[in-house]
Amino acid sequence: MMMDKINALTISTPEGIEFSRKLAGPFTRFLSWSVDLLAIMAINKLLNVLLGVLGLISRDIAMAATVLGYFIVSIGYGIVTEWHWRGQTLGKRLLRLRVTDVRGLQIRFSQIVIRNLLRFVDSLPVFYLVGGLACLINRRAQRLGDFVANTIVVWSPPVDEPDLDQLLEGKYNSFRKYPHLEARLRHQVSPAEAQIALQALVRRDEFGPQDRIQLFQSIVNYFKSIITFPQEATDSISDEQYIRNLVDALYRPKSTGSMS
(Lines give C-alpha, C1' and ligand atoms only; values in the text may rest on other atoms or scores of the structure.)
Protein backbone atom coordinates (compact mmCIF):
# COMPACT_ATOMS: atom_id res chain seq x y z
CA MET A 1 0.00 0.00 0.00
CA MET A 2 1.42 3.41 -0.93
CA MET A 3 0.34 7.01 -1.38
CA ASP A 4 1.36 9.25 -4.25
CA LYS A 5 1.72 13.02 -4.55
CA ILE A 6 -1.88 13.65 -5.50
CA ASN A 7 -3.32 12.35 -2.23
CA ALA A 8 -4.38 9.01 -3.62
CA LEU A 9 -4.03 5.70 -1.86
CA THR A 10 -2.92 2.75 -3.99
CA ILE A 11 -3.98 -0.55 -2.48
CA SER A 12 -2.49 -3.90 -3.46
CA THR A 13 -4.28 -7.13 -2.62
CA PRO A 14 -2.32 -10.33 -1.85
CA GLU A 15 -3.34 -11.58 -5.32
CA GLY A 16 -1.60 -8.64 -7.01
CA ILE A 17 -4.76 -6.68 -7.82
CA GLU A 18 -4.27 -2.94 -7.45
CA PHE A 19 -6.74 -0.09 -7.28
CA SER A 20 -6.35 3.56 -6.37
CA ARG A 21 -8.61 5.64 -4.14
CA LYS A 22 -8.46 9.43 -4.01
CA LEU A 23 -8.39 10.70 -0.44
CA ALA A 24 -10.87 13.35 0.68
CA GLY A 25 -9.20 16.57 1.87
CA PRO A 26 -10.09 18.72 4.91
CA PHE A 27 -12.19 21.23 2.92
CA THR A 28 -14.38 18.59 1.27
CA ARG A 29 -14.81 16.81 4.58
CA PHE A 30 -15.77 20.10 6.24
CA LEU A 31 -18.50 20.64 3.65
CA SER A 32 -19.73 17.11 4.24
CA TRP A 33 -19.77 17.70 7.99
CA SER A 34 -21.72 20.94 7.47
CA VAL A 35 -24.49 19.03 5.71
CA ASP A 36 -24.49 16.42 8.47
CA LEU A 37 -24.62 19.17 11.11
CA LEU A 38 -27.77 20.58 9.50
CA ALA A 39 -29.29 17.09 9.53
CA ILE A 40 -28.37 16.64 13.20
CA MET A 41 -29.85 20.03 14.09
CA ALA A 42 -33.08 19.15 12.29
CA ILE A 43 -33.35 15.82 14.13
CA ASN A 44 -32.63 17.52 17.45
CA LYS A 45 -35.23 20.19 16.80
CA LEU A 46 -37.84 17.49 16.20
CA LEU A 47 -36.66 15.66 19.32
CA ASN A 48 -36.97 18.85 21.40
CA VAL A 49 -40.56 19.23 20.28
CA LEU A 50 -41.29 15.66 21.34
CA LEU A 51 -39.51 16.16 24.68
CA GLY A 52 -41.30 19.43 25.31
CA VAL A 53 -44.05 17.57 27.12
CA LEU A 54 -41.54 16.78 29.87
CA GLY A 55 -41.41 20.49 30.64
CA LEU A 56 -44.94 20.18 31.98
CA ILE A 57 -43.63 17.73 34.57
CA SER A 58 -40.25 19.27 35.40
CA ARG A 59 -38.14 21.87 33.66
CA ASP A 60 -34.97 20.24 35.01
CA ILE A 61 -35.96 16.84 33.66
CA ALA A 62 -36.78 18.37 30.27
CA MET A 63 -33.40 20.15 30.16
CA ALA A 64 -31.49 16.97 31.11
CA ALA A 65 -33.40 14.96 28.50
CA THR A 66 -32.65 17.60 25.86
CA VAL A 67 -28.92 17.55 26.59
CA LEU A 68 -28.83 13.76 26.65
CA GLY A 69 -30.86 13.60 23.45
CA TYR A 70 -28.47 15.97 21.68
CA PHE A 71 -25.49 13.81 22.67
CA ILE A 72 -27.19 10.61 21.55
CA VAL A 73 -28.27 12.09 18.21
CA SER A 74 -24.87 13.70 17.54
CA ILE A 75 -23.02 10.42 18.07
CA GLY A 76 -25.74 8.03 16.94
CA TYR A 77 -26.38 9.86 13.65
CA GLY A 78 -22.89 9.03 12.34
CA ILE A 79 -22.95 5.47 13.65
CA VAL A 80 -26.36 4.63 12.20
CA THR A 81 -25.87 6.27 8.80
CA GLU A 82 -22.32 5.02 8.25
CA TRP A 83 -23.38 1.49 9.12
CA HIS A 84 -26.58 1.59 7.06
CA TRP A 85 -24.96 3.26 4.02
CA ARG A 86 -21.67 1.36 4.27
CA GLY A 87 -19.40 4.22 5.29
CA GLN A 88 -21.53 7.18 4.24
CA THR A 89 -23.58 9.84 6.00
CA LEU A 90 -26.00 12.16 4.24
CA GLY A 91 -23.22 14.71 3.71
CA LYS A 92 -20.82 12.08 2.41
CA ARG A 93 -23.42 10.74 -0.01
CA LEU A 94 -24.03 14.22 -1.43
CA LEU A 95 -20.29 14.86 -1.86
CA ARG A 96 -19.51 11.29 -2.95
CA LEU A 97 -17.29 10.49 0.02
CA ARG A 98 -17.03 7.18 1.83
CA VAL A 99 -15.28 5.90 4.95
CA THR A 100 -13.27 2.72 4.44
CA ASP A 101 -10.66 0.71 6.26
CA VAL A 102 -7.10 1.94 5.54
CA ARG A 103 -6.68 -1.12 3.31
CA GLY A 104 -9.65 -0.05 1.21
CA LEU A 105 -11.89 -2.73 2.71
CA GLN A 106 -15.41 -2.15 3.96
CA ILE A 107 -15.46 -0.44 7.34
CA ARG A 108 -16.36 -2.60 10.34
CA PHE A 109 -18.98 -1.66 12.92
CA SER A 110 -16.35 -1.34 15.67
CA GLN A 111 -14.42 1.15 13.53
CA ILE A 112 -17.59 3.17 12.93
CA VAL A 113 -18.26 3.37 16.68
CA ILE A 114 -14.69 4.39 17.53
CA ARG A 115 -14.39 7.16 14.91
CA ASN A 116 -17.77 8.61 15.88
CA LEU A 117 -17.11 8.53 19.62
CA LEU A 118 -13.95 10.56 19.01
CA ARG A 119 -15.79 13.26 17.03
CA PHE A 120 -16.07 15.25 20.25
CA VAL A 121 -12.27 15.48 20.51
CA ASP A 122 -11.85 16.30 16.81
CA SER A 123 -14.44 19.09 17.05
CA LEU A 124 -12.50 20.97 19.75
CA PRO A 125 -12.26 23.84 20.35
CA VAL A 126 -14.67 24.93 17.56
CA PHE A 127 -15.51 23.95 13.98
CA TYR A 128 -13.45 20.74 14.01
CA LEU A 129 -10.20 22.66 14.45
CA VAL A 130 -8.36 19.70 16.01
CA GLY A 131 -9.65 17.30 13.37
CA GLY A 132 -8.92 19.72 10.54
CA LEU A 133 -5.34 20.27 11.67
CA ALA A 134 -4.86 16.52 12.03
CA CYS A 135 -6.06 16.04 8.43
CA LEU A 136 -3.60 18.66 7.18
CA ILE A 137 -0.53 17.12 8.81
CA ASN A 138 -1.51 13.47 8.25
CA ARG A 139 -0.45 11.91 4.93
CA ARG A 140 -3.69 9.97 4.78
CA ALA A 141 -5.81 13.04 5.64
CA GLN A 142 -7.04 11.32 8.81
CA ARG A 143 -8.60 13.11 11.73
CA LEU A 144 -7.89 11.70 15.21
CA GLY A 145 -10.97 9.49 15.07
CA ASP A 146 -9.79 8.02 11.77
CA PHE A 147 -6.29 7.47 13.10
CA VAL A 148 -7.52 5.54 16.15
CA ALA A 149 -10.15 3.57 14.18
CA ASN A 150 -7.68 2.85 11.35
CA THR A 151 -9.98 4.36 8.73
CA ILE A 152 -9.71 6.80 5.82
CA VAL A 153 -12.23 8.89 3.88
CA VAL A 154 -12.06 8.55 0.11
CA TRP A 155 -13.77 10.23 -2.82
CA SER A 156 -15.91 7.98 -4.98
CA PRO A 157 -16.17 9.45 -8.50
CA PRO A 158 -19.38 8.89 -10.44
CA VAL A 159 -19.22 5.69 -12.44
CA ASP A 160 -21.18 5.00 -15.60
CA GLU A 161 -22.72 1.65 -14.82
CA PRO A 162 -23.20 -0.71 -17.76
CA ASP A 163 -26.53 -2.26 -18.61
CA LEU A 164 -26.39 -5.22 -16.24
CA ASP A 165 -29.47 -6.84 -17.74
CA GLN A 166 -27.73 -6.95 -21.10
CA LEU A 167 -24.33 -7.87 -19.64
CA LEU A 168 -25.70 -10.81 -17.65
CA GLU A 169 -28.58 -11.80 -19.91
CA GLY A 170 -29.31 -15.52 -20.17
CA LYS A 171 -26.56 -16.57 -17.76
CA TYR A 172 -27.40 -19.15 -15.11
CA ASN A 173 -26.26 -18.07 -11.65
CA SER A 174 -25.56 -21.05 -9.41
CA PHE A 175 -24.97 -18.68 -6.45
CA ARG A 176 -28.71 -17.88 -6.31
CA LYS A 177 -29.26 -21.19 -4.53
CA TYR A 178 -27.43 -19.78 -1.51
CA PRO A 179 -29.09 -16.45 -0.62
CA HIS A 180 -27.48 -16.37 2.85
CA LEU A 181 -24.01 -16.53 1.26
CA GLU A 182 -24.97 -13.86 -1.27
CA ALA A 183 -26.12 -11.60 1.56
CA ARG A 184 -22.86 -12.16 3.42
CA LEU A 185 -20.93 -11.42 0.23
CA ARG A 186 -22.71 -8.07 -0.24
CA HIS A 187 -22.05 -7.20 3.38
CA GLN A 188 -18.32 -7.99 3.34
CA VAL A 189 -17.32 -6.72 -0.11
CA SER A 190 -16.44 -3.03 -0.37
CA PRO A 191 -17.65 -0.85 -3.29
CA ALA A 192 -14.08 -0.68 -4.62
CA GLU A 193 -13.79 -4.47 -4.65
CA ALA A 194 -17.17 -4.81 -6.36
CA GLN A 195 -16.03 -2.36 -9.03
CA ILE A 196 -12.94 -4.49 -9.74
CA ALA A 197 -15.16 -7.48 -10.57
CA LEU A 198 -17.58 -5.38 -12.63
CA GLN A 199 -14.91 -3.55 -14.64
CA ALA A 200 -13.03 -6.79 -15.36
CA LEU A 201 -16.22 -8.22 -16.84
CA VAL A 202 -17.07 -5.07 -18.81
CA ARG A 203 -13.54 -4.64 -20.21
CA ARG A 204 -12.74 -8.33 -20.78
CA ASP A 205 -12.40 -7.87 -24.55
CA GLU A 206 -9.59 -5.33 -24.03
CA PHE A 207 -7.25 -8.04 -22.71
CA GLY A 208 -5.32 -10.65 -24.59
CA PRO A 209 -6.36 -14.29 -24.04
CA GLN A 210 -3.58 -15.10 -21.55
CA ASP A 211 -3.86 -11.81 -19.64
CA ARG A 212 -7.60 -12.28 -19.45
CA ILE A 213 -7.24 -15.76 -17.97
CA GLN A 214 -4.71 -14.58 -15.39
CA LEU A 215 -6.76 -11.53 -14.43
CA PHE A 216 -9.97 -13.47 -13.91
CA GLN A 217 -8.15 -16.17 -11.97
CA SER A 218 -6.61 -13.58 -9.63
CA ILE A 219 -9.95 -11.90 -9.01
CA VAL A 220 -11.72 -15.20 -8.38
CA ASN A 221 -9.03 -16.28 -5.90
CA TYR A 222 -9.38 -12.98 -4.08
CA PHE A 223 -13.16 -13.24 -3.72
CA LYS A 224 -12.93 -16.89 -2.68
CA SER A 225 -10.84 -15.70 0.27
CA ILE A 226 -13.81 -13.55 1.34
CA ILE A 227 -16.72 -15.97 0.82
CA THR A 228 -16.59 -19.65 -0.08
CA PHE A 229 -19.54 -21.05 -1.99
CA PRO A 230 -20.18 -24.84 -1.97
CA GLN A 231 -18.28 -26.89 -4.54
CA GLU A 232 -21.44 -27.81 -6.44
CA ALA A 233 -21.94 -24.08 -7.17
CA THR A 234 -18.40 -23.44 -8.43
CA ASP A 235 -16.70 -26.60 -9.71
CA SER A 236 -18.35 -26.69 -13.13
CA ILE A 237 -18.06 -22.99 -14.01
CA SER A 238 -15.23 -20.96 -15.53
CA ASP A 239 -13.54 -18.07 -13.75
CA GLU A 240 -15.36 -15.65 -16.05
CA GLN A 241 -18.72 -17.17 -15.14
CA TYR A 242 -17.72 -17.05 -11.47
CA ILE A 243 -17.23 -13.29 -11.82
CA ARG A 244 -20.55 -12.99 -13.66
CA ASN A 245 -22.23 -14.68 -10.70
CA LEU A 246 -20.44 -12.33 -8.30
CA VAL A 247 -21.49 -9.22 -10.20
CA ASP A 248 -25.06 -10.47 -10.39
CA ALA A 249 -25.13 -11.11 -6.64
CA LEU A 250 -23.46 -7.81 -5.74
CA TYR A 251 -25.33 -5.46 -8.06
CA ARG A 252 -28.70 -7.16 -8.43
CA PRO A 253 -29.60 -8.39 -4.94
CA LYS A 254 -33.34 -8.27 -5.58
CA SER A 255 -33.21 -10.66 -8.52
CA THR A 256 -35.37 -13.69 -8.19
CA GLY A 257 -35.03 -17.03 -9.83
CA SER A 258 -31.84 -18.56 -11.17
CA MET A 259 -31.65 -16.92 -14.56
CA SER A 260 -29.93 -13.54 -14.84
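I take a contact to mean heavy atoms within 4.5 Å, and I keep to that meaning in these entries.

**Entry 1: the ground rules.** I am working on a predicted model, in which local features need pLDDT of at least 70 and side-chain atom pairs count only at pLDDT 80 or more, while totals for chains, interfaces and linings use all residues. Residues are numbered from 1 along each chain as its sequence is written, and side-chain values use heavy atoms, with hydrogens and water left out.

**Entry 2: V121.** I looked up V121 and found that, not counting residues up to four places away in sequence, V121 touches V130 and L144. V121 is found in helix α5, where helices (H or I, at least four residues) and strands (E, at least two) are DSSP runs numbered from the N terminus. I also noted that V121 and G145 are 24 residues apart in sequence and 8.2 Å apart in space, C-alpha to C-alpha. For accessibility I use buried for under 20% relative accessible area, exposed for over 50% and partly exposed for in between, with a 1.4 Å probe and protein chains only. V121 counts as partly exposed, because its relative accessibility is 34%.

**Entry 3: the whole chain.** I read off 13 helices and five strands for the protein chain. Of its 260 residues, 42% count as buried. Among contacts between residues at least 6 apart in sequence, 69% join residues at least 24 apart.

Entry 4: Which residues of α6 are buried? I found G131, A134 and C135 buried there, and they sit on the same side of α6 because they cover an arc of only 100° around the axis, the arc being that of the directions from the helix axis to the C-beta atoms. On the other side of α6, L136 and I137 are exposed. The buried residues of α6 pack against α1, α5 and α7. I then turned to α4, where Q111, I112, R115 and N116 are buried; these cover an arc of only 125° around the axis, so they lie on the same side of α4.

**Entry 5: D146.** I found D146 in helix α7, residues 144-149. D146 counts as buried because its relative accessible area is 0%. Leaving aside neighbours within four places in sequence, D146 is in contact with R29, R115, T151 and V153.

Entry 6: Rolling a probe the size of a water molecule over the atoms shows where empty space is left. The search uses a 1 Å grid over the protein atoms alone, and a pocket is an open set of points where a 1.4 Å probe fits, with protein on both sides within 12 Å along at least five of seven lines; lining residues have an atom within 4 Å of a point. Grid points are joined across faces, edges and corners, and the volume is the space filled by probe spheres set on the points. I noted a volume of about 700 Å³ for the second largest pocket. Of the 30 residues that line this pocket, the closest to its centre are W33, R119, F120, S123 and Y128. Two or more lining residues come from each of α1 (26-51), α2 (59-84), α4 (109-117), α5 (119-122) and α6 (129-137), and α1 gives the most, with eight. The lining divides into 16 nonpolar, eight polar and six charged residues, where Ala, Val, Leu, Ile, Met, Phe, Trp, Tyr, Cys and Pro count as nonpolar, Asp, Glu, Lys and Arg as charged, and the others, Gly among them, as polar.

**Entry 7: nonpolar cores.** A nonpolar core is a set of buried Ala, Val, Leu, Ile, Met, Phe, Trp, Tyr and Cys residues joined through side-chain atoms within 4.5 Å. The largest has 28 residues, and those with the most contacts inside it are L185, F223, F229, I243 and V247. Apart from this core lies another, of eight residues, among them I75, L97, V99 and I107.

**Entry 8: the backbone.** Most residues other than glycine have a negative phi, and most peptide bonds are trans. I found a cis peptide bond from L124 to P125, with omega near -15°, and P125 lies in the loop between α5 and α6. R86, in the loop between α2 and α3, has a positive phi near 55°.
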